[in-house]
Amino acid sequence: MTARNSSHWQAEEWRVLAIASVLQCAQNIDKLARSGTIDDAELGKLQEPLFVLNPTSNLEVYPFPSLFLPGLTLVESLGAGGSLRRVQLVVQYALGMLRLADAVRADAALAAALRTQIASLQPPRALASSQEHDGDEQASTTRQLAQVYKATLSRLPKPIQVQGSAAVLSNEEHAAAIRSLLLAGVRSALFWRQLGGTRWQLLLARGKLGATASQLKKSIARSFH
């Protein structure tokens, strides 16, 4: 799905895409912390909104909504009701990222530090034929984003505690990827807040979010026909 296909979306739809991105970051954090595996291409795409520091439209933040289908599927499933037990950690991480986003919004110095540090980084170049990133550049970017997270958000009170395999979490490469995903999730959480989302809507308005996510998935599917 290209930017052209989503140009008619309303604020509510972009808001749901933003929370889908947050949840997709959280889902990948949980998977990585448990198994030590992650799709590098997906990691790169989740990191990309971090480098859009002065967007003039929602499309600039999320130019390819189809990349967030896993997150939209998760929003849709949360909206179906039932117990959150099976995705308890994913929701916990997402709520933690929303909390950190609120802390950034309340602290101008912290927001400025994040902006300055991210602006100093060079995002990896997408390969023209595949939209994937060069592996070495991607790894370097991930390490640098992890350092930004460690220097800023990890120092806030009640930092997010990631649970998983001790062997995975002690691996520097895996730990860097997790920190970069936490930073990316906070970026999307900030976008969610800017569009009128609140932390507790994820729990108290699941049905409405899920219905919108379902419609967005159908819209994305139609764009491929």
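Which residues have the most contacts inside the largest nonpolar core? I started my notebook with that one.

**Entry 1: ground rules**

I am working with a predicted model, where local features need pLDDT of at least 70 and side-chain atom pairs count only at pLDDT 80 or more, while totals for chains, interfaces and linings use all residues. Residues are numbered from 1 along each chain as its sequence is written, and side-chain values use heavy atoms, with hydrogens and water left out.

**Entry 2: the core**

I looked up the largest nonpolar core and found 64 residues, with Met97, Leu153 and Leu183 having the most contacts inside it. A nonpolar core here is a set of buried Ala, Val, Leu, Ile, Met, Phe, Trp, Tyr and Cys residues joined through side-chain atoms within 4.5 Å. I also noted the accessibility terms: buried is under 20% relative accessible area, exposed is over 50%, and partly exposed is in between (1.4 Å probe, protein chains only).

Next I checked which elements give two or more residues to this core, and they include helix 1 (11–35), helix 5 (88–106) and helix 11 (206–222). The largest share, 13 residues, comes from helix 1. My helices are DSSP runs (H or I, at least four residues) numbered from the N terminus, and strands would be E runs of at least two.

Then I picked Leu183 and listed what it touches: Leu50, Leu114, Ile118, Leu145, Val148, Tyr149 and Leu153, not counting residues up to four places away in sequence. Contact means heavy atoms within 4.5 Å. For background, I wrote down that in soluble globular proteins nonpolar side chains tend to be buried together.

**Entry 3: helix 6, side by side**

Leu114 and Ile118 turned up again when I listed the buried residues of helix 6, which are Leu110, Leu114 and Ile118. They cover an arc of only 60° around the axis, so they sit on the same side of helix 6. The arc is taken from the directions from the helix axis to the C-beta atoms.

The expected span is 1.5 Å times one less than the number of residues.

At the N-terminal end, Asp107 caps helix 6, with a side-chain oxygen 3.1 Å from the backbone nitrogen of Ala109. I count a polar contact as a pair of N or O atoms within 3.5 Å; within protein, one must be able to donate a hydrogen and the other to accept it, and residues adjacent in sequence count only if both atoms are side-chain atoms.

**Entry 4: helix 9**

Is helix 9 mostly covered or mostly uncovered? I found it mostly covered, with 18 of its 23 residues buried. Helix 9 reaches 33 Å from its first C-alpha to its last, close to the 33 Å expected at 1.5 Å a residue.

At its start, a side-chain oxygen of Asn171 reaches to within 2.9 Å of the backbone nitrogen of Glu173. His174 lies in helix 9, and a polar atom of its side chain is 3.2 Å from the backbone oxygen of Gly36. His174 also touches Leu32, Gly36 and Val168, not counting residues up to four places away in sequence. After helix 9 comes Gly196, with a positive phi near 100°.

**Entry 5: rings**

I found three aromatic pairs in the structure. Rings of Phe, Tyr and Trp (its six-membered ring) pair if their centres lie within 6.5 Å; planes under 30 degrees apart are stacked, over 60 edge-to-face, and the rest tilted.

Tyr62 and Phe68 are edge-to-face, 5.2 Å centre to centre with 80° between the planes, and both are buried. Tyr62 also pairs edge-to-face with Phe191, at 5.3 Å and 70°. That pair links distant parts of the chain: Tyr62 is in the loop between helix 3 (58–61) and helix 4 (69–79), and Phe191 is in helix 9 (residues 172–194), 129 residues apart. Phe191 counts as buried because its relative accessible area is 5%. Ring pairs link Tyr62, Phe68 and Phe191 into a cluster.

Most residues other than glycine have a negative phi. Lys158 is not a glycine, yet I read a positive phi of about 55° for it. Lys158 lies in the loop between helix 7 (135–151) and helix 8 (166–169), and counts as exposed because its relative accessibility is 68%.
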